[in-house]
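Here's a quick walk through the sheet and the core of this one. Have the structure open and follow along.

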Amino acid sequence: MPLLRVVDRDGIEHEIDAKTGLKIMENLRELDYGVAAICGGMCSCATCHVYVEDEWLERLPPMMSDERELLTELSHYEKNSRLSCQVEFTPELSGLRLRIAPDE
Ligand code: FES
């Protein structure tokens, strides 16, 4: 199974068997320590905000303008921020490590 490494808001790392072909958010919202994803992936709530480990960042598909606009308005925005609803989890991303961002 493709692996996703998730650091929760308490700093605890979890290794999960993630489903490919789904958005990363769809894998994360299943978890107790995951994301709320209130808008369901419409790129409007930012409750799926994660920080992607630097070495993985450039392997992700580039950001579209609506994702960038929403992220850069957040108080917890960092250069490795992504909205997990905008990134599909593919087999090539197995091993990806990310951290769930604080609530806004
Ligand atoms: S789930 Fe709302 S922006 Fe990603």
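A residue counts as buried if 20 or more other C-beta atoms lie within 10 Å of its own, exposed if 12 or fewer, and partly exposed in between, with C-beta atoms placed from the backbone. Helices (H or I, at least four residues) and strands (E, at least two) are DSSP runs, numbered from the N terminus. Bear in mind that this is a predicted model: local features need pLDDT of at least 70, side-chain atom pairs count only at pLDDT 80 or more, and totals for chains, interfaces and linings use all residues. Residue numbers start from 1 along each chain as its sequence is written.

Start with strand β2 (residues 13-17): zero of its five residues are buried, so it lies largely in the open. In the five-strand open sheet, the order is β2-β1-β5-β3-β4 and the pairing is mixed. β2 and β4 (81-83) are the edge strands, each pairing on one side only. Strands pair here if DSSP finds at least two bridges between them.

| Strand pair | Sense | Bridges | A bridged pair |
|---|---|---|---|
| β1 (residues 3-7) and β2 | antiparallel | five | Val7 and Glu13 |
| β3 and β5 | antiparallel | three | Val50 and Ile100 |

β1 and β2 make a hairpin with five residues between them, and Gly11 in that turn has a positive phi of about 85°.

Now the inside. A nonpolar core is a set of buried Ala, Val, Leu, Ile, Met, Phe, Trp, Tyr and Cys residues joined through C-beta atoms within 7 Å. The largest has 22 residues, and Met25, Leu28, Val35, Cys48, Val50 and Leu98 touch the most other members. β1, α1 (24-28), β3 (49-52) and β5 (96-100) each give two or more residues to this core.
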